[in-house]
Amino acid sequence: MTLTEKLWQMSWSLVFWLCAIATIGFFMLYSAANASLDPWTTRQAMRFGLGLVLLLTIAMIDIRLMMRYAYPLYAVVLVLLVFVEARGVVGGGAQRWIDLGAINLQPSELMKVALVLALARYFHSLSLEDTGRPTFLIVPLLMVFVPVV
């Protein structure tokens, strides 16, 4: 499938409403700062723009590629969670950040995405007969339990 075809398949109404809601938020921040773009509106708009570009970029990735790398991504993020426990930076009263210089990375947020992808791959690989056995839930429960620990 070409990039153009993928762009036509996107839910542009969803992107529109996402932008509309974000714009309302920008106006609220602008109003809360006494009709000033500083300190919040500009930074929030830049973050939203970056997030929107990231959303559109990820939407163009072939789902088979995501499925192929779901387990390795889960493993990498799991290593990041262990790293943040050993060498993480305290922020907001809790040790949950990895300082990368320009930004701080919070692996628990990445784990949310990695876990959903890994669980989707696992459930996708099951046959109908497998779902009839209660033991098929052991692996997904472990996949959820390990990051929680």
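Is Q106 buried or exposed? At 18% relative accessibility, Q106 counts as buried, where buried means under 20% relative accessible area, exposed over 50%, and partly exposed in between, with a 1.4 Å probe and protein chains only. Q106 sits in the loop between β3 (104-105) and α6. Residues R96 and W97 touch Q106, leaving aside residues up to four places away in sequence. Contact here means heavy atoms within 4.5 Å.

This is a predicted model, in which local features need pLDDT of at least 70, side-chain atom pairs count only at pLDDT 80 or more, and totals for chains, interfaces and linings use all residues. Residues are numbered from 1 along each chain as its sequence is written, and side-chain values use heavy atoms, with hydrogens and water left out. Helices (H or I, at least four residues) and strands (E, at least two) are DSSP runs, numbered from the N terminus.

Start with helix α2. Its residues are 12-32, 21 residues in number. At 1.5 Å a residue they should span 30 Å, and the end C-alpha atoms are 30 Å apart, which agrees. The expected span is 1.5 Å times one less than the number of residues. Within α2, V15, A22 and F26 are buried. They cover an arc of only 55° around the axis, so they lie on the same side of α2. That arc is taken from the directions from the helix axis to the C-beta atoms. The cover over the buried residues of α2 includes α3.

Now turn to the other side of α2. There L14, F16, W17, I21, I24, F27, M28, S31 and A32 are exposed. Take I24, which lies in helix α2. Its relative accessible area is 53%, so I24 is exposed. I24 and L65 are 41 residues apart in sequence and 35 Å apart in space, C-alpha to C-alpha. Just after α2, N34 takes a positive phi of about 55°.

Helix α3 comes next. It covers residues 41-59 and holds I58. With a relative accessible area of 40%, I58 is partly exposed. I58 also belongs to a nonpolar surface patch, together with L54, I61, L65 and Y69. The accessible area of this patch is about 440 Å² in total. Patches are made of residues with over 30% relative accessible area and no salt bridge; like charges are joined within 9 Å, and nonpolar side chains (Val, Leu, Ile, Met, Phe, Trp, Tyr) within 5 Å. The areas come from the Shrake-Rupley method with a 1.4 Å probe, and for residues only the protein chains shown count as cover.

V79 lies in helix α5. At 57% relative accessibility, V79 counts as exposed. V79 and D62 are 17 residues apart in sequence, yet 25 Å apart in space, C-alpha to C-alpha.

The structure holds three salt bridges, each a side-chain nitrogen of Lys or Arg within 4 Å of a carboxyl oxygen of Asp or Glu. D62 pairs with R64, and their closest N and O atoms are 2.7 Å apart. R64 counts as exposed at 59% relative accessibility. D62 counts as partly exposed at 27%.

Helix α6 holds another pair. The side chains of K112 and E109 meet in a salt bridge at 3.0 Å, N to O. Both residues lie in α6, three residues apart, about one turn of the helix. E109 is partly exposed, with a relative accessible area of 39%.

There is also a bridge between R133 and D130, at 3.2 Å, N to O. R133 counts as partly exposed at 45% relative accessibility. D130 is partly exposed too, with a relative accessible area of 23%.
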